[in-house]
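My notes follow in the order I made them.

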Amino acid sequence: YGRQFSIDDFDFGENLAPAKTSLDKELLQELLQADYYGSNEFHQLQNQIEKLAPADIWAIPVLTTALRREGSAFVISPLVVEGLGNIGPAAHTAIPAILDTSMAGAAILEDRIEPITKALQKIDPEGEYILPELPLFEKRHYTAGARHVSKKILLKLKGQAVEEALKKYE
């Protein structure tokens, strides 16, 4: 009946891992505009997001636009938020979009708050840009959930201004 195959006949090493290539601006933009994210597209996007660095300020408007898209953007929003965090303080203009993302879907149930607070800690650890934005965010969403998210975010920041702002939530 011929030779039988053994598991040892196959190489399952690095061939299954996503290729670690350099950041591809065009690929990232293309992936952010996709209408569907299968596992391949999702892993490609994740690979590109992980490579974003403070020098990649060109990506801020691209990522912000992706956060504001409806539909499939909900699936990738934690990755997009992570990418903005990787860019750091230069991404402070994306804070309103990041905050609004926290209210999408079941975010209020904590599934998105952790990546959002991690990104905001990298973008604005002292709350210089976040503090004036929180009342606007709460007004846009006008729910107890928005206040809950605001308090969670403030608890992750530091500084005297943040401590003063937290008194509003006691």
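I started at Gly88, which is in the loop between α4 (73-87) and α5 (95-101); helices here are DSSP runs (H or I, at least four residues; strands are E, at least two), numbered from the N terminus. This is a predicted model, where local features need pLDDT of at least 70 and side-chain atom pairs count only at pLDDT 80 or more, while totals for chains, interfaces and linings use all residues. I also noted that residues are numbered from 1 along each chain as its sequence is written, and that side-chain values use heavy atoms, with hydrogens and water left out.

Is Gly88 buried or exposed? Gly88 has a relative accessible area of 5%, so I put it down as buried (under 20% relative accessible area; exposed is over 50%, partly exposed in between, with a 1.4 Å probe and protein chains only). Setting aside neighbours within four places in sequence, I found Gly88 in contact with Lys122 and Ile123 (contact means heavy atoms within 4.5 Å). I also checked Asp124: its C-alpha atom is 7.7 Å from that of Gly88, although the two are 36 residues apart along the chain.

Next I looked up Glu133, which sits in helix α7. Its relative accessibility is 11%, so this one counts as buried. Which residues does Glu133 touch, leaving aside those within four places in sequence? I got Ile95, Pro96, Leu99 and Arg140.

Then I took the helix pair. I reminded myself that two packed helices are described by the angle between their axes and the distance between the axes. For α7 (residues 130-141) and α8 (residues 144-156), the axes come within 9 Å and cross at roughly 160°. Axes are lines fitted to C-alpha atoms, for helices over the stretch in contact, and angles run from 0 to 180 degrees between N-to-C directions. I therefore call α7 and α8 roughly antiparallel (over 145 degrees; under 35 is roughly parallel, 65 to 115 roughly perpendicular, the rest oblique). The contact uses Ile130, Leu131, Leu134, Phe137, Glu138 and His141 of α7, and Ala146, Arg147, Val149, Ser150, Ile153 and Leu154 of α8.

I count 9 helices and 0 strands. Of the 170 residues, 40% are buried. Among contacts with a separation of 6 or more, 71% come from residues 24 or more positions apart.
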